[in-house]
Amino acid sequence: MYGQLLKDGMKMANKYEQLADILREKIRLSTYQEGDAIPSEATLQEEFHYSRHTVRQAIAVLVNEGYLRKERGSGTYVSKPETVNHKNRKTIGIIMTYLSDYIFPSIMRGVEQTLREQGYSLLLGSTNNDHEQERACLQQMMDQGVDGLIVEPTKSSQYNPNLAYYVALQEAGIPLVMINAYYEELDLPHICVNDTRSGFLATNYLLEQQHQQLMMITKIDDLQGKYRMKGFVKALTQAKRTFAAEDVLTYTTETKEAVIEQAIQRLTAADNQVTGIVCYNDEIAHRLIQALTAAGKNVPTDFSIVGNDDSPLSTLSTPTITTLTHPKEAMGELAAQWITTGKATEAQHFYFEPELIVRGSVNNQKGE
């Protein structure tokens, strides 16, 4: 099965392999000389007419082969491939929904530091929370013969057409660790935050601040949103409080912009009684604060908002956002440790317990 999936994946891998061949030949012919920085990703895109994703894949191949090396904050440089012992080289694949924004760079720092200390090289992939792109990443990892995989699942609360790839990797004995979420159909090790607890703490805090009517805005194509909503309902149930069906707003990766407009319409309606809002994450909380401000409303005077993930946005926003902790680097470090110590071959899981971080986006409804 593993071999068949590799064979099926060759057609999709051709573009980045072709570009890798071109760049490799330029290095061999000394067009790109040892120690020189290669052209930027944007320049390579323009020169060879490939997408940014294809360029990154090709560069990742050459980094793993030893032809190139990445230096953080500086660029990508030509190395001496003949000095690399490919037979002894260990490579771990990392597939994330996103690599360049929000909390993901912090997770990557934790993974990268731990793996590099153990002598592993990294092969990165980004799915943009899209199943087709996830399939391409998995095919790339298989083609490169990775020694293990750390994966942030794509649309984890929906059926995933790529489950067979994960089964094939398990059958091939390749260690796998899921982070942030997991596929409920598969018995794979996973490291997550207790998202039910996050939703509970956010909701309970607003109730403690005397907010009588609450709204939740949550993402429904990822498990995190499903469990954060479970915490929201649990806190209201324990407090013997009800909520209106129209005050739970849901969205997917593709409808993020629309849900903010929907929330503004609801919150600025003449009959609105909602004063406290639990948001799926800090990004949604930040966007909601901006939209409410543009509509002439004030946070926290008119509305109190709680985010999640303790992202950089939570401190850059005005006001700063009350949020829940997310142990980003610690999660990355633990996933890397599981991969390198063999724990990733066991069906186990670990949940970080969140803590509330009180900042400026919530006030006491009674003015206390």
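Q: Which helix gives the most to the lining of the largest pocket?
A: First, a caution: this is a predicted model. Helix 3 gives the most, with eight residues. Other contributors of at least two residues include strand 1 (68-71), strand 2 (75-78), helix 4 (104-117) and strand 4 (120-126).

Q: What volume does the largest pocket have, and which residues lie nearest its centre?
A: Read volume and lining together. The space amounts to about 1300 Å³. The lining holds 43 residues, and E41, R56, K70, L99 and L124 lie nearest the centre.

Q: How do the lining residues of the largest pocket divide into nonpolar, polar and charged?
A: Count by class. There are 15 nonpolar, 16 polar and twelve charged residues.

Q: What is the volume of the second largest pocket, and which residues are closest to its centre?
A: Its volume is about 460 Å³. The lining has 28 residues, with Y98, Y102, F104, Y280 and N281 closest to the centre. Helix 8 (223-238) and helix 10 (282-294) each supply at least two of the lining residues. By class, the lining has eleven nonpolar, eight polar and nine charged residues.

Q: How many cavities of 30 Å³ or more does the structure hold?
A: A cavity differs from a pocket in that the probe fits but cannot get out. Here there is one cavity of 30 Å³ or more. The volume of the largest cavity is about 30 Å³.

Q: Which residues line the largest cavity?
A: The lining consists of S198, G199, A202, M216, R228, V278, C279, G307, N308 and L324. Helix 7 (195-208) gives the most, with three residues. Strand 10 (276-279) supplies at least two. Five of the lining residues are nonpolar, four polar and one charged. One of the lining residues, C279, counts as buried because its relative accessibility is 2%.

Q: How many disulfides does a search of the whole structure find?
A: Check sulfur-to-sulfur distances. The search finds zero. Take C137 as a case. The closest cysteine sulfur, in C192, is 19 Å away, so the pair is too far apart for a bond. C137 is also buried, at 0% relative accessibility.

Q: Where is N180, and is it buried or exposed?
A: N180 sits in the loop between strand 6 and strand 7 (190-193). Its relative accessibility is 5%, so N180 counts as buried. Outside its sequence neighbours within four places, N180 contacts I107, E152, I191, C192, D195, Q224, H326 and M331. The C-alpha atoms of N180 and N194 are separated by 9.4 Å, with the two residues 14 apart along the chain.

Q: Which residues does a cis peptide bond join, with omega about 15°?
A: Most peptide bonds are trans, and most residues other than glycine have a negative phi. The bond you ask about joins V299 and P300. P300 is in the loop between helix 10 and strand 11 (304-306). A cis bond also runs from T318 to P319, with omega near 0°. P319 lies in the loop between helix 11 (313-316) and strand 12 (323-324).

Q: Where do K155 and K240 lie, and is each buried or exposed?
A: K155 is in the loop between strand 5 and helix 6. K155 is buried, with a relative accessible area of 10%. K240 is in the loop between helix 8 and strand 9 (248-251). K240 counts as exposed, at 76% relative accessibility.

How values were computed. Residues are numbered from 1 along each chain as its sequence is written. This is a predicted model: local features need pLDDT of at least 70, side-chain atom pairs count only at pLDDT 80 or more; totals for chains, interfaces and linings use all residues. Side-chain values use heavy atoms; hydrogens and water are left out. On a 1 Å grid over the protein atoms alone, a cavity is a set of points where a 1.4 Å probe fits but cannot get out, and a pocket is an open set with protein on both sides within 12 Å along at least five of seven lines; lining residues have an atom within 4 Å of a point. Grid points are joined across faces, edges and corners, and a volume is the space filled by probe spheres set on the points. Helices (H or I, at least four residues) and strands (E, at least two) are DSSP runs, numbered from the N terminus. Ala, Val, Leu, Ile, Met, Phe, Trp, Tyr, Cys and Pro count as nonpolar, Asp, Glu, Lys and Arg as charged, and the others, Gly among them, as polar. A disulfide is a pair of cysteine sulfur atoms within 2.5 Å. Buried means under 20% relative accessible area, exposed over 50%, partly exposed in between (1.4 Å probe, protein chains only). Contact means heavy atoms within 4.5 Å.
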